[in-house]
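Look over the sequence and the structure shown below before reading on. The paragraphs that follow go through parts of the chain in turn.

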Amino acid sequence: MKTEKDIRDDEIRVIGGGGDATRSNPFRWWIWGGFMIAVISVIVVVVFILGGKSQIPDEQTYFEPQPRIERSVDATPGKFGREVDSLTRGFIEIQDTAINDIPLRIYIPHNAKMSLHVGRLDKRDTSIIFAAQAADIRRDNRKIVGAFVLKGEPLAWGLSKKGYCAIINDKITIGIADNSPLFEQATETGGYFFRQYPLVDNGKLVENEPKNKSVRRALCDRNGEVMMVESLSNESFHDFAQALVDLGITNAIYLVGSSAYGWAVNDSGDRIEFGIENLRLPKNASYIVWRRR
């Protein structure tokens, strides 16, 4: 006799309490749903963060320090100095800036002619609108270091410093060379010539042996615009030269720095002095001088 428990070989029977076999466990759906919500939330957060970086400029952040911005110099930058009418009385334009955290002061001559001077300057000479010591002096014999020509007269010879400045027919040339024909040309034409440490050569830094830190000064050419640049803090030769490079200077040579005395006359007629005046300088102390045209 066949009973309810007997199952034929070709019969399929669902075993379990009288519930629907096709219905899943409700708890399992809650787990799956929670998992999907978590995944979607993570995706939304990631998209927001990545997308938000392009929406919020760095300069609008409040607490986070900003990355250091390196100054990029245009290959053909405009002049630093402002445009001045040729009839304007000669003066020195003074600009303060900072490069690589180094404070700099820039002296730009307007309607002025540059020359060299040896010996004490007459501060009563109102034609002088800028003066700064040029060549160095030897400690032992108090003579000028390196080649020097004053109004066509050679006062010193030597190649200990490769940087040079030549002033010939009012044209100023700043460069670096072991031997320069401009020395002879200055002698032949009644010009000027002196040597100093080189700092920048065709836009590239030049290393120098002295490693101490001091106030630094440089005679600079920036695409034909000649100026004097001074550090307002004690700096090494390397850091000062690098600041000049980043300032866009084409060629530069050193001027006597530290406490060496000089002055500039601004457009208001005020004399701005730098360094410490020393009335007992050697008689061979030399200066670059800009005079009103």
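In which strand does Tyr 107 lie? The strand is β2, which covers residues 102–110. What is shown here is a predicted model, not an experimental one. Is Tyr 107 buried or exposed? Tyr 107 has a relative accessible area of 1%, and because residues under 20% count as buried, Tyr 107 is buried. Leaving aside neighbours within four places in sequence, Tyr 107 is in contact with Ile 92, Glu 93, Ile 94, Phe 130, Met 227, Met 228, Glu 230, Ala 264 and Phe 274. Gln 95 is twelve residues away from Tyr 107 in sequence, and the C-alpha atoms of the two are 6.7 Å apart.

Now consider the chain as a whole. The chain contains three helices and 17 strands. Its length is 293 residues, of which 39% count as buried. Take the contacts between residues at least 6 apart in sequence: 67% of them join residues at least 24 apart. The accessible surface of the chain is about 18500 Å², and carbon and sulfur atoms account for 53% of that area.

Strands of a sheet pair through backbone hydrogen bonds, either parallel or antiparallel.

Two bridges join β5 (residues 148–150) to β9 (residues 192–196) in the antiparallel sense, and Phe 148 has Phe 194 in β9 as its bridge partner. Strand β9 also pairs with β7, again in the antiparallel sense, over five bridges. There, Ala 166 has Phe 193 in β9 as its bridge partner. Six bridges link β7 with β8, and these two strands run antiparallel. In this pair, Ile 167 stands opposite Ile 172 in β8. Strands β7 and β8 form a hairpin with two residues between them, and Asn 169 in the turn has a positive phi of about 55 degrees.

Why is β7 described as largely enclosed by the rest of the structure? Six of its six residues are buried, so the rest of the structure largely encloses it. In a regular strand the side chains alternate between the two faces of the sheet. For β7, one side has Gly 163, Cys 165 and Ile 167, the other has Tyr 164, Ala 166 and Ile 168, and all are buried, so that both faces are covered.

Strand β17 (residues 286–292) gives a second example. Six of its seven residues are buried, so β17 is largely enclosed by the rest of the structure. Strand β3 (residues 112–118) runs antiparallel to β17 and is joined to it by seven bridges, with Ser 115 having Val 289 as its bridge partner. Strand β4 also pairs with β17 in the antiparallel sense, over five bridges. In that pairing, Ile 128 stands opposite Arg 291 in β17.

Which residues touch the most other members of the largest nonpolar core? Of its 38 residues, they are Phe 130, Phe 194, Leu 219, Ile 288 and Trp 290. Strand β4 (residues 128–133) gives the most to this core, with five residues. A second, separate core has 22 residues, including Phe 80, Ile 99, Ala 218 and Ala 252.

Leaving aside neighbours within four places in sequence, the residues in contact with Leu 219 include Cys 165, Phe 194, Asn 251, Ile 288 and Trp 290. Among these, Asn 251 lies in strand β14 (residues 251–255). Asn 251 counts as buried because its relative accessibility is 10%. A polar atom of the Asn 251 side chain lies 2.8 Å from the backbone nitrogen of Asn 202.

Terms used. Residues are numbered from 1 along each chain as its sequence is written. This is a predicted model: local features need pLDDT of at least 70, side-chain atom pairs count only at pLDDT 80 or more; totals for chains, interfaces and linings use all residues. Side-chain values use heavy atoms; hydrogens and water are left out. Two strands pair if DSSP finds at least two bridges between them. Helices (H or I, at least four residues) and strands (E, at least two) are DSSP runs, numbered from the N terminus. Buried means under 20% relative accessible area, exposed over 50%, partly exposed in between (1.4 Å probe, protein chains only). Contact means heavy atoms within 4.5 Å. Accessible areas come from the Shrake-Rupley method with a 1.4 Å probe; for residues, only the protein chains shown count as cover. A polar contact is a pair of N or O atoms within 3.5 Å; within protein, one must be able to donate a hydrogen and the other to accept it, and residues adjacent in sequence count only if both atoms are side-chain atoms. A nonpolar core is a set of buried Ala, Val, Leu, Ile, Met, Phe, Trp, Tyr and Cys residues joined through side-chain atoms within 4.5 Å.
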